[in-house]
Amino acid sequence: MPQPAEQPDASPPDVLKLDPDHPEVARHRRECPVSRTASGIWFLADYAAVHEATAHMDLFVAGFRESGRPTPPEQRFIHEIREPEHSAMRRVIHAALAPSTLRWIPGHTHEAGTELLDKALAEDGPVDLVEAFADPVLIRVTARLFGVADDRMETWVRWAEGFARKKMVDRGKGLSDAATDVIGDIDAVIAGKRTDPGDDFISRMQRPVEGYALTDLQIRTQFVFFLVAATGTTTQLVANLVWQLCARPDVQSRVREDRTLVPALVEEVLRAESPDAVILRRTAEPVEVGGVTIPAGERVAFGLASANRDPAQFPDPGEFRLDRQHATRHMAFGFGPRICSGAPTARMIAAAAANVFLDKVADARLAPDYRFVNVTVPWAHSPETIDAVLTAAPA
């Protein structure tokens, strides 16, 4: 019978916040890939453990919230909902994000990115490419995706960033407890799409799939989750991609000359610089992972970044390689039946952003005094700024 894991010796309280290449994280991968850390959170450190657990995500719930009073059913995020309703809701979301409806993304990204990069290239000295490119290009693309104006989308995204940083729904609170003008504005947009639908994500979320239809409150809840989780992750992915291009001139030059390598670039950025370093869940019942039994009600950190640096799955994980075998097996978006619903959209946006960046910029290098500072969202991995010196491509 599986036994509880032994406590690793001298496990630091902040092990979950360490770089995936840190010796302590590497020790967890080797010696105790499923363990209860000194912080009280179980850590899944190696690829095998994360892969096994993500294949059974129905046994894990409640990633954002602390324990407390029950959350109203219609205000539960998608990852908090158990079967069979979870699959029914995912079908609605997948239909709303069907690739056939998103063929406009590359062209719209190129148009928005061209305008943003023209402004950045006109600046003297180093430019912060998070502020000048990665952040606003994502806002413009998602504004069209959601069928709202750019300035309204920016307000929503800024609110979502604060939502993630401050954990506004801690202690089991529903979104009504985090009521703001933004929540009211989102509700107004949802109501407006009921009477005047378009070909956007919110309008498509209102269409029943296989007899299952979402209420306006459910749409608002899942839309806010999408804002907090998916929008943030995609911004981080684009920022990480641009950061790596600037930090690796050889990779930048190679991909510029051979654009067929852009998909490989996106996948290697997802593996090497996972936008979400960890995801947090709570066990809904006792769960066995890697021969270890995790009791019910325990908090579990899925070490996505750590798993993606596991040499047992990715030889020479510290190397950034465009020819990596089985590159798409990384865990940046999870795995299995609950893999991130927005993963195809995020990949499409990132590839389009890479192409327009390489079209407009002949050379980009990190500023001599640049130092990486991570964003303040607890589970995220992405540069707060990317100060770079740019050279414009010939007109």
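This is a predicted model: local features need pLDDT of at least 70, side-chain atom pairs count only at pLDDT 80 or more; totals for chains, interfaces and linings use all residues.

Residues are numbered from 1 along each chain as its sequence is written, and side-chain values use heavy atoms, with hydrogens and water left out.

**The helix pair**

Helix H5 (residues 129–146) and helix H9 (residues 216–247) have axes that come within 10 Å and cross at roughly 140°. Helices here are DSSP runs of H or I with at least four residues, and strands are runs of E with at least two. Axes are lines fitted to C-alpha atoms over the stretch in contact, with angles from 0 to 180 degrees between N-to-C directions.

On the H5 side, the contact (heavy atoms within 4.5 Å) includes Phe 133 and Leu 138, and on the H9 side Phe 226 and Val 238.

**The sheet**

Next, an open sheet of 5 strands runs in the order S1-S2-S8-S5-S3, with mixed pairing. S1 (34–36) and S3 (60–61) stand at the edges with a single partner strand each, so one side of each has no neighbour in the sheet. Strands pair if DSSP finds at least two bridges between them.

| Strands | Sense | Bridges |
|---|---|---|
| S3 and S5 | antiparallel | 2 bridges |
| S2 and S8 | parallel | 3 bridges |
| S5 and S8 | antiparallel | 4 bridges |

Arg 282 in S5 is the bridge partner of Val 61, and Arg 282 also stands opposite Arg 299 in S8.
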